[in-house]
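User: I am new to this structure. Please show me how to read its features.

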Amino acid sequence: GAEPGRQGPVVKGAPFSADLVTETTQALADGNHIHQTSTSRLYRDAEGRTRREQSLNGLGVLAPNANLPPVVFINDPVAHVNYALSPSAHTATRSSGGRGFSWTGAAGEPAQKQDAGRHTRAIQAQTGGQSLKTESLGHQTIEGVPVEGTRTTTIFAAGQLGNEQPIQIVTEAWYSADLQTVILSKRTDPRSGETVTRYANISRTEPPHTLFELPADYKVTDAGGRGPRTVTK
């Protein structure tokens, strides 16, 4: 039942592959710190097909050190089908659709949006806070990709969450128009600490087509309830 993210627009003509790295740092009241890092591998071809490889630990299913096997998500908007693969068991779950997915980092932090403005507004909607200020951070190059930055400050008024004083959340989003993706986001929240989600090792070459195909020896189960069967080509 695990999914890679929310359904979103299909992006064509902008193939790439990259690592998606999410780092969270939380400061405890006794001065201790908790730092966790998760990494997944992303691929997108020129037709908008996507593939995501990650550990179930990165989905928050169990503790980060549970050493769970990896899973693979394939979304094919051309064939209108999605697959969730278990490489260790050679099984797959198939569902129809294939609209595309917004890849997601830790704590529901969206990592693919049409623009940085929608990215920050989505966070405000999720939290229920109000925007105090949105400012441009200008342009720079990250991982060889030109990006434009936006910083948004969101405020929870005193008493809104039972808080005695206002709570301020600051979010930065660096959006790539070429890749149509936010490739770096940073969120600072005094309740949960700091979360940084970034793309690393970006390659803009076309990924191999085989990455978006279901392996021939996998047993596939339809999400609608049909039993498992062996896929043959």
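Analyst: Start with burial: buried means under 20% relative accessible area, exposed over 50%, and partly exposed in between, with a 1.4 Å probe and protein chains only. By that rule, 43% of the 233 residues of the protein chain count as buried. The model is predicted, so local features need pLDDT of at least 70 and side-chain atom pairs pLDDT 80 or more, while totals for chains, interfaces and linings use all residues. Residues are numbered from 1 along each chain as its sequence is written, and side-chain values use heavy atoms, without hydrogens and water.

User: How many helices and strands are in the protein chain?

Analyst: Helices (H or I, at least four residues) and strands (E, at least two) are DSSP runs, numbered from the N terminus. The protein chain has one helix and 15 strands.

User: Which residues have the most contacts inside the largest nonpolar core?

Analyst: A nonpolar core is a set of buried Ala, Val, Leu, Ile, Met, Phe, Trp, Tyr and Cys residues joined through side-chain atoms within 4.5 Å. The largest has 14 residues; Ile142, Val145, Val147, Leu179, Ile183, Tyr199 and Ile202 have the most contacts inside it. Strands β2 (16–27), β10 (145–156), β12 (181–189) and β13 (193–203) each supply at least two residues of this core. Another core, of 12 residues, lies apart from it and includes Val72 and Phe212.

User: What does Ile142 contact beyond its neighbours within four places in sequence?

Analyst: Contact means heavy atoms within 4.5 Å. Ile142 meets Val147, Trp174, Ile183 and Leu184.

User: Is Thr152 buried or exposed?

Analyst: Thr152 sits in strand β10. Thr152 is buried, at 1% relative accessible area.
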